[in-house]
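Please read this report with the sequence and the 3D structure open beside it.

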Amino acid sequence: RRNGALSDVLLGMLADETASRWLDPYLESECDLSHLVWLMTANDASPLPLPLRDRCRILQFCGPGQEHLPLLAQRLLERHYIATGHDPRWALPLEAFEIEVLRTNWTGGSIRRLSRLIDGVVLARNRSARVN
């Protein structure tokens, strides 16, 4: 807030009466922003100022849940193989016990957390392969 708030600038760009003649400080000229379509994302819209929320159509999406686990886990496993320079076709499908371990440790929500758990499954597979 020391140098201004982004939401204050956005309000001027979103309001019909000011968007058509918005003064761009860098171009030092008026710009017509009235034909722009704005897309904004936020994990939580509640901290946004009410005047900004009033000018937006807020769509809420539920996070991934355990019902999505088998498909998400397989895609994340393939992504892991690609990131480590391997062909994802070599990724063996997750076994039932691996899915259950993931289900026990991931109740839904963060894909980043599930990705870290998949990394752990791959690490455990690699350790097991070295022992055998």
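This is a predicted model: local features need pLDDT of at least 70, side-chain atom pairs count only at pLDDT 80 or more; totals for chains, interfaces and linings use all residues.

Residues are numbered from 1 along each chain as its sequence is written, and side-chain values use heavy atoms, with hydrogens and water left out.

## Helix packing

Helices (H or I, at least four residues) and strands (E, at least two) are DSSP runs, numbered from the N terminus. Two packed helices are described by the angle between their axes and the distance between the axes. Axes are lines fitted to C-alpha atoms, for helices over the stretch in contact, and angles run from 0 to 180 degrees between N-to-C directions. A crossing is right-handed if the near helix is turned clockwise from the far one by less than a right angle, and left-handed if anticlockwise. Contact means heavy atoms within 4.5 Å. For residue classes, Ala, Val, Leu, Ile, Met, Phe, Trp, Tyr, Cys and Pro count as nonpolar, Asp, Glu, Lys and Arg as charged, and the others, Gly among them, as polar.

Helix H4 covers residues 69–83. The axes of H4 and H6 come within 9 Å and cross at roughly 65°, and H4 passes H6 in a right-handed crossing. On the H4 side the contact is made by Leu-69, Leu-72, Ala-73, Leu-76, Leu-77, His-80 and Tyr-81. On the H6 side, Ile-111, Leu-114, Ser-115, Ile-118, Asp-119, Val-122 and Arg-125 take part. By class, the residues of this contact are 10 nonpolar, two polar and two charged.

Helix H5 (residues 96–105) also packs on helix H6 (residues 111–131), at an angle of about 145° and with the axes 11 Å apart. This crossing of H5 with H6 is right-handed. From H5, the residues Glu-98, Leu-102 and Asn-105 meet Arg-113, Leu-114, Leu-117, Ile-118, Val-121 and Arg-125 of H6. Five of the residues in the contact of H5 with H6 are nonpolar, one is polar and three are charged.

Glu-98 lies in helix H5. It counts as buried because its relative accessibility is 7%; buried means under 20% relative accessible area, exposed over 50%, and partly exposed in between (1.4 Å probe, protein chains only). Leaving out residues up to four places away in sequence, Glu-98 touches Pro-93, Val-121 and Arg-125.

## The largest pocket

On a 1 Å grid over the protein atoms alone, a pocket is an open set of points with protein on both sides within 12 Å along at least five of seven lines, a 1.4 Å probe fits at the points of a cavity but cannot get out, and lining residues have an atom within 4 Å of a point. Grid points are joined across faces, edges and corners, and a volume is the space filled by probe spheres set on the points.

The largest pocket holds about 930 Å³ of space. It is lined by 30 residues, of which Met-40, Thr-41, Arg-57, Ile-58 and Leu-59 are the closest to its centre. Helix H1 (6–14), helix H2 (16–19) and helix H3 (50–54) each supply at least two residues of the lining. The largest share, five residues, comes from H1. The lining divides into 19 nonpolar, six polar and five charged residues.

Arg-53 is found in helix H3. Arg-53 is partly exposed because its relative accessible area is 28%. Not counting residues up to four places away in sequence, Arg-53 touches Ala-45, Ser-46, Leu-48 and Ile-58.

## Single residues

Glu-28 sits in the loop between strand S1 (22–24) and strand S2 (29–31). Most residues other than glycine have a negative phi. Glu-28 has a positive phi of about 50° although it is not a glycine. Its relative accessible area of 68% makes Glu-28 exposed.

Gln-60 lies in the loop between H3 and H4, and counts as exposed at 74% relative accessibility. Val-131 lies in helix H6 and is exposed as well, at 70%. Ala-5, in the segment before H1, is buried, with a relative accessible area of 13%.

The table gives C-alpha separations for some pairs.

| Pair | Separation in sequence | C-alpha to C-alpha |
|---|---|---|
| Arg-53 and Ser-7 | 46 residues | 9.9 Å |
| Gln-60 and Arg-21 | 39 residues | 32 Å |
| Val-131 and Arg-103 | 28 residues | 26 Å |
| Ala-5 and Arg-75 | 70 residues | 39 Å |
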